[in-house]
Amino acid sequence: MSNYKLTVKNLRPFGQNGKEAVFDLKPLTLLIGPNNSGKSTFTKLIKCISLNLDDAQFKDEHIFNLNYGFGKKTTFANLISSGSTDDFIKIKVETDYTKLELILKEHNTKKHLAYISEMNIEKNISKKKDNEIFTFKSKIDFIDGLYRFESVQIDDNQYFKNILK
């Protein structure tokens, strides 16, 4: 079973003052803390990430719907950490083989949506064939509506493919 690591910056109580909050998630993870420490925000964030990853708007339009986890009255502005001067929320989810990193910014017209200004996806896979281990790494970067590049590494050979969409 995979372990997960969730890193959050600038979301309500998490990642304030320019620091990132890091959570190591195991098959059994308990949330314990005083009132207003972020337990509910954490569980809503997990739900929000999960539902967005299955949504066509996320895949096709690079939109992150905040209503999915935080409720219908939630706006991007009230999710930003209090006192923050940053205008983004950073979310990173890591497993043993995959890393997804998102930089979310407020949607121009719909306050319950965030647009994905940056997205980085990395996958690492090792396969054994004929007593040799082959390592495959793939990385895709998305910045401000454009896929910038994809890099693929097989063992020590690295290949780049420029993508502009």
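Valine 8 stands across from alanine 21 of strand E2. The model is predicted.

**Strands**
- Strand E1 (residues 4–9) pairs with strand E2 (residues 21–25) in the antiparallel sense, over five bridges.
- E1 and E4 also run antiparallel and are joined by five bridges.
- Threonine 7 has lysine 92 in E4 as its bridge partner.

**Aromatic rings**
- Three aromatic pairs are found in the structure.
- One of them is the tilted pair of phenylalanine 23 and phenylalanine 42, at 4.8 Å centre to centre with 55° between the planes.
- This pair links distant parts of the chain, with phenylalanine 23 in strand E2 and phenylalanine 42 in helix H1 (residues 39–53), 19 residues apart.
- Both phenylalanine 23 and phenylalanine 42 are buried.
- Phenylalanine 58 and phenylalanine 64 form an edge-to-face pair, because their planes are at 65°, with ring centres 6.5 Å apart.
- Phenylalanine 58 counts as buried at 8% relative accessibility, and phenylalanine 64 counts as buried at 2%.
- Phe14, Phe23 and Phe42 are linked into a cluster by ring pairs.

**Threonine 74**
- Threonine 74 sits in the loop between helix H3 (67–70) and strand E4 (88–94).
- Its relative accessible area is 7%, so threonine 74 is buried.
- A polar atom of the threonine 74 side chain lies 2.7 Å from the backbone oxygen of phenylalanine 70.
- Beyond its neighbours within four places in sequence, threonine 74 contacts Leu66, Asn67, Leu79, Lys111 and His112.
- Threonine 74 and histidine 112 are 38 residues apart along the chain, with 6.0 Å between their C-alpha atoms.

Notes: Residues are numbered from 1 along each chain as its sequence is written. This is a predicted model: local features need pLDDT of at least 70, side-chain atom pairs count only at pLDDT 80 or more; totals for chains, interfaces and linings use all residues. Side-chain values use heavy atoms; hydrogens and water are left out. Helices (H or I, at least four residues) and strands (E, at least two) are DSSP runs, numbered from the N terminus. Buried means under 20% relative accessible area, exposed over 50%, partly exposed in between (1.4 Å probe, protein chains only). Contact means heavy atoms within 4.5 Å. A polar contact is a pair of N or O atoms within 3.5 Å; within protein, one must be able to donate a hydrogen and the other to accept it, and residues adjacent in sequence count only if both atoms are side-chain atoms. Two strands pair if DSSP finds at least two bridges between them. Rings of Phe, Tyr and Trp (its six-membered ring) pair if their centres lie within 6.5 Å; planes under 30 degrees apart count as stacked, over 60 as edge-to-face and the rest as tilted.
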